[in-house]
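Welcome! Take a moment to look over the sequence and the 3D structure, and then we can walk through a few of the features together.

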Amino acid sequence: MYSHHLHVHGCCLGASWTRSSGSSGSPLQELSASGRRSTVGGGDVVAGQQQLVLVSSRKFFAPESSFLRCSASSTTSSSGAPSSSSPPPPAPVVSDNAKKISSRTQKIMEKLVGAAGGNQAAGGAGGASSYEALKKLDQQWLQMRSMTTTTQGMMMMATRKKKRRQEEEQEEEQVFDAVVCGGTLGVFLATALALKGMKVAIVERGPLRGRVQEWNVSRKELRELVKMGVLTDAELEDVIAVEFNPSRVGFDGGTEVWVKDILNLGVSPEKLIAICKKRFLGAGGVVLEGMGVSKVNVFDDAAVVLLDDGSTLVSRLILDVMGNSSPIVRQIRWGQRPDGVCLVVGTCARGFENNSTSDLIYTRTPVTQVGSSKTQYFWEAFPAGSGPRDRTTYMFTYLDATPNRPSLEQMLEDYWDLMPPYQGIKLEDVEILRVLFGLFPTYRSSPLPAAFDRILQVGDASGIQSPISFGGFAAITRHLSRLSSGLMDALESDLLDKENLALLNPYLPNLSGVWMYQRAMSVQLDINPSPDFINNLLSINFQCMEKLGDPVIRPFLQDVIQFVPQAKLLISIMVNKPLFIPQILQQVGFLPLLDWTRHFVALAAYSVLWLAIAPSLLSWVESLPKEKQYVWRRQLEAWQYGSGFDYNG
C-alpha cells in the first residue's frame with residue numbers, strides 16, 4: 001500500500017502539474033503536466049489538484065543560503081478568476097528558518113534549469129517547470145487549504161442539454177464511440193477499447209509522449225497491459241528500464257522488514273507510451289495533440305467536445321482521464337475541501353555507490369515541527385534506470401488541508417538537510433538530475449459516481465486510488481480489465497446515462513476503509529500524541545504482519561485491503577500490544593473509527609458475497625437480457641474489487 005506512493009501509481013517524477021483539460025499526467029509527473037485551464041504548470045487555481053513539478057539539469061553544488069520570501073498575494077477562485085465574494089486567504093505562517101528556503105531551493109532549481117538550457121516538454125506528463133512553478137503550486141496549495149465554500153464564479157465545464165442535437169449539426173460529422181480526454185494515462189484504456197473495435201479519439205493538451213523518469217511498479221501491474229493486448233511479452237521486457245531487489249520497510253527505532261518483487265521495476269514511460277500510441281493508431285484510433293478541452297455539451301443523443309482551437313468532436317461517451325484537477329471534476333467537487341492531502345518533495349540524483357535496493361516506506365525521525373505545524377516525514381528511495389549510480393528519493397507527509405500546514409518550499413528546505421544522512425551521502429558529492437514536488441488531494445466521497453450522462457471519470461479523476469497512495473499508472477492498470485469490459489457493455493447496450501455509468505465507479509469498502517490508515521499516519525492539529533506514536537504504530541503493524549507472513553503483508557504493501565488478512569492483523573495487535581489500543585483510539589478518534597467499522601463490516605459482506613454467492617450467479621447472469629446483464633456484471637465486479645479479490649498475489 002505504501003508502495004504506491006510516488007512511483008507505482010504513475011508517480012512519476014517531476015512535473016509541475018495542475019492537470020488540465022487535455023492532459024492526463026499521472027500523479028508524480030515529470031516537469032509540467034499542467035496545462036492552461038487546469039494544468040499545473042500554468043492553470044487555474046483549483047481545489048483538489050494533483051501536481052508534480054520536475055526540474056532537470058546537470059551538476060549542482062549546494063549554494064550558500066540567502067533570504068528571499070515567496071509570497072502569494074492574489075486571491076484566485078477555483079475557476080481561475082479573482083474572487084470578489086470572499087476575502088483573501090490568510091498568509092501562511094513563515095518562520096525565520098522558512099525564509100531561507102526560497103534562497104536555497106531557488107538557487108538549486110534555477111541552477112538546474114540553466115544548466116539544462118531550458119525545459120523539454122513531454123506531453124501530458126511533462127512540460128517546462130521552474131522555481132516559478134513551485135511558487136505557483138504553493139500558492140494553489142495555500143488557496144486550497146484556505147478556501148471558502150461558494151457557488152459564485154464556478155466554471156461550467158460540462159453542461160447537460162435536455163434535447164437532441166440539431167439535425168443540420170449531424171450531417172457529415174464523424175461520431176466516435178469514446179473520446180478520451182487526457183492521453184498520458186488515458187492511452188492505455190483508449191488502446192484497449194480500440195482493440196475491441198471501438199472508434200476512439202484521444203485529446204491531449206501537450207504532445208502524447210512519456211517523460212524520461214521511470215514509473216515504479218510491480219510486474220503484476222505491468223502484466224495487466226499484456227492481458228489486455230496493449231503490450232506484448234517482448235514489449236513488456238523492453239519497457240523495463242531497471243529491476244532491483246529487495247525492498248525495505250522500516251521505522252525509526254522499530255521494525256525493519258525486507259520484501260521482494262514489490263515495486264521493484266522501473267518502467268520507462270517514454271518507451272511505454274510510444275508503444276501504446278503506435279498500437280492505438282494501428283487499431284484505427286485518432287490522436288489530437290496540442291489540444292485542450294474547453295467545454296463539453298451533453299445532448300440526448302451524443303456529447304459534443306469543444307476544443308481550444310474552436311473545433312468540435314462528437315462522441316457517444318466522454319472518458320475524463322485528466323486527473324483530479326480535471327476541470328470537470330473541479331465543477332463536480334466545487335466548494336469541497338479535500339479530506340486529506342499528501343505533500344511530496346524529492347530528487348533524482350547521481351553519485352550513490354550503494355544502489356541495489358529500495359525503500360518502500362521508511363522513517364528516521366519522530367514527528368517534526370515545520371513552521372507552525374507538526375508532521376511526520378516518510379521516505380521512499382529507488383534505483384533509477386538512467387545509470388547504476390542514479391537514485392530517486394522522495395520525502396512525503398500526510399496532512400489535512402488546514403491553513404497552518406507547511407508549504408512545499410518549507411518541506412524542500414527540510415529535504416536538503418535530511419536526505420543526505422538518510423542516504424549516507426553529502427549533498428555536495430551528488431549530481432542533482434531532477435527536483436520534484438507535488439501535492440495529491442483525496443476525498444472520502446470516492447470513487448466519484450458519474451454526475452452527467454455520457455461522461456465518466458476514470459483513474460485519478462474518479463478518486464479510485466488509495467488515499468495513502470498517489471494514484472496514477474497502477475490505479476489505471478489494476479482496473480483496466482474491469483473498465484474496458486464494462487465500457488464495452490455500456491456502449492454496446494447504449495447504457496450511457498449517469499445512473500448506469502455510475503455502476504462503473506461503485507462503492508468499494510476496501511478503498512473507503514483505508515481512510516482510517518491515512519488519518520492514523522497524519523498528525524492532527526487537535527491531538528497532541530507522543531512524537532513517536534506514528535513510528536510505534538507502524539512498527540507494531542509491520543512486526544505483526546511479518547509474523548503473519550506473505551498472505552498478510554504483501555497485499556497490504558500493494559494497496560490491497562482484504563478482510564481475512566486485516567482481521568488477523570487486528571487480532572494480532574490486540575493480543576500482542578493491548579496497551580497500545582487506547583493510543584490508537586485517541587489518535588484516530590471515535591467517529592472516524594465508527595466510520596471505519598462500517599466499511600470493515602461491508603468488506604466482510606463483500607468477501608462472502610464474492611466467494612460464496614457470485615459463483616452460483618454467473619450462469620444465471622448470462623441468461624438475462626443485455627441491460628440486466630450489464631447491471632449484474634457491475635455488481636459482481638464491485639464485490640470482487642471491493643473485497644480485494646482482484647488481487648491474486
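## A helix and its length

The expected span of a helix is 1.5 Å times one less than its number of residues. In this predicted model, helix H9 covers residues 408-423, and its 16 residues should therefore span 22 Å. The end C-alpha atoms of H9 are 21 Å apart, which agrees.

H9 has a kink of about 35°, centred on tyrosine 415. Most of H9 is covered, with 13 of its 16 residues buried. After H9 comes glycine 424, which has a positive phi, near 70°.

## An open sheet

Next, have a look at the strands. Five of them form an open sheet with parallel pairing, in the order E11-E5-E4-E15-E23. Strand E11 (286-289) and strand E23 (455-457) stand at the edges; each has a single partner strand, so one side of each is left without a neighbour in the sheet. From one strand to the next, the twist averages 20°.

Within this sheet, strand E4 (residues 178-181) pairs with strand E5 (residues 200-204) in the parallel sense, over 4 bridges. Alanine 178 stands opposite valine 200 in E5.

## Cysteines

A disulfide is a covalent bond between the sulfur atoms of two cysteines. How many disulfides are there here? The count comes to 0.

Cysteine 181 counts as buried because its relative accessibility is 1%, under the 20% cut-off. Cysteine 342 is buried too, with a relative accessible area of 2%.

## A span from the record

An unreviewed UniProt entry places a "transmembrane region" at residues 600-621. In the model, that span is 100% helix and 0% strand, and its end C-alpha atoms lie 28 Å apart.

Conventions:
Residues numbered from 1 in each chain as written. Predicted model: local features only at pLDDT ≥ 70, side-chain atom pairs only at ≥ 80, totals over all residues. Heavy atoms only, no water. Helix = DSSP H or I, 4+ residues; strand = E, 2+ residues; numbered from the N terminus. Bend = angle between axes of the 7 residues up to and from the residue. Buried < 20%, exposed > 50% of the residue type's maximum accessible area, 1.4 Å probe, protein only. UniProt positions renumbered as here; feature names shortened; annotations may be inferred. Disulfide = S-S within 2.5 Å. Pairing = 2+ DSSP bridges. Axes fitted to C-alpha atoms, helices over the stretch in contact; angles between N-to-C directions.
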